[in-house]
Amino acid sequence: MPQPAYDLSALRAEFPILKREVNGQPLVYLDNAATCQKPLAVIEAMNDYYRQTNANIHRGLHTLSQEATDAHELARTKVQQLIHAASSKEVIFTRGATESINLVAQSWGRANLRAGDQVLISMMEHHANIVPWQQLRDQIGIELLVIPILPDGQLDRAAFARLLTPRVKLVAITQVSNALGSITPLAEIIAAAHAQQTPVLVDGAQGIPHQPVDVQAMDVDFYVFSGHKMYGPTGIGVLYGKAELLEAMPPWQGGGDMIDIVTFEKTTYAGLPHKFEAGTPAIAEAIGLGAAVDWMQRVGVQAIADWEHQLLTYATQQMQAALPGLRLLGTAPDKAAVISFVLEDAHAQDLGLLLDQLGIAIRTGHHCAMPVLHHLGVNATARASFAAYNTFAEVDAFVAGLVRVREMLQ
């Protein structure tokens, strides 16, 4: 059987949760697009912070505060290096990709968009890249345009070219569809947008776990992602922005640590990145994210991507061979390791519940992407998604489980 470029058995041993059983069966975890599991390096980094260093940052002169500050800022530098940002000041810590998009909408959007301006998104977007722009539309009167998709889940490039007029003042688009796995042609999109001086925000929540990212080479204006989808903790994410854009943006939230001088008459604000990080941050989570970055780089982001592609290809072939009446949603030639599907005469929720009895964890529902599923004529799908630690044997167990569940439902 094929093997990844790394030692798969040794890598799996780094994930304590993979040793457990669910309903008396070995856990087969295939819900990685929702959140992936955490290696010991991440768990121990956060545990060590609370055991040895717990203190608030940026304020204290005592040893613990200095150590915590250094660890927090080192995590920022690690993220900068992972995404190849020009400066660590361009890395803003948030609660996740969702908060990052909201920050851009409410800070950059309110400062730069006017009634009648257009924001261009795609049909494939996660709700996190739809709702903030709808809220901004209701607040200031912008228009929201949607790029359609082709039947196989690819972005409709011809439609994109038609919709990208001078009235479009921002393109906000996913890197990888969480519902379909489709990879968008970012180089083409960014070049076309920049040709008319339109900035681009990329939702990289499903991109950064599965492919190397270089924000300078991409020339992207804003790039957002969440820690928990890249082997890090929940409650921490990143907004990358070009320094000149971030410098010109007003703070989104006010409070401690984002200020320079406060009087009752006036407040002046701190410089980047602290201007956008009001209050006590998620210190342990940032440290955990830094450990996740170290782990991904040690294993090799490209090696992970290559292995996930093998898992995707194998699982797709096995499912098509074993499951008559299978419908795959998202068959674009360029896609990440996500399989969204429906089975004839089998409700997605039933598939998820019955597979769980076999120890197999998948996702069912609308995947926070209702518009694209409704466009494809379904209200819910089952979704299997892969990560660095998944195996061909787990794919076999998943497909066999689907066959068994289907027999139970007939």
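Author: The crossing of helix 12 and helix 14 is right-handed, a crossing being called right-handed if the near helix is turned clockwise from the far one by less than a right angle, and left-handed if anticlockwise. This is a predicted model, in which local features need pLDDT of at least 70 and side-chain atom pairs count only at pLDDT 80 or more, while totals for chains, interfaces and linings use all residues. Residues are numbered from 1 along each chain as its sequence is written, and side-chain values use heavy atoms, with hydrogens and water left out.

The axes of helix 12 (residues 348-357) and helix 14 (residues 392-409) come within 10 Å and cross at roughly 115 degrees; such axes are lines fitted to C-alpha atoms, for helices over the stretch in contact, and the angles run from 0 to 180 degrees between N-to-C directions. Helices (H or I, at least four residues) and strands (E, at least two) are DSSP runs, numbered from the N terminus. On the helix 12 side, Asp350, Leu351, Leu354 and Leu355 meet Phe398, Gly401, Leu402, Val405, Met408 and Leu409 of helix 14, where contact means heavy atoms within 4.5 Å. The residues of this contact divide into 8 nonpolar, 1 polar and 1 charged, with Ala, Val, Leu, Ile, Met, Phe, Trp, Tyr, Cys and Pro counted as nonpolar, Asp, Glu, Lys and Arg as charged, and the others, Gly among them, as polar.

In helix 5 (residues 131-140), Pro132, Trp133 and Leu136 are buried, which here is under 20% relative accessible area, with exposed over 50% and partly exposed in between (1.4 Å probe, protein chains only). Seen down the axis of helix 5, these buried residues fall within an arc of 95 degrees, so they line one face of the helix; the arc is that of the directions from the helix axis to the C-beta atoms. Their cover includes helix 4 (97-112), strand 5 (118-122) and strand 6 (143-147). Just after helix 5, glycine 141 takes a positive phi of about 90 degrees.

Turning to other backbone spots, aspartate 219, in the loop between helix 8 (215-218) and strand 9 (222-226), has a positive phi near 60 degrees and is partly exposed, at a relative accessible area of 34%. Aspartate 257, in the loop between helix 9 (243-248) and strand 11 (259-262), has a positive phi near 75 degrees and is buried, at a relative accessible area of 17%.
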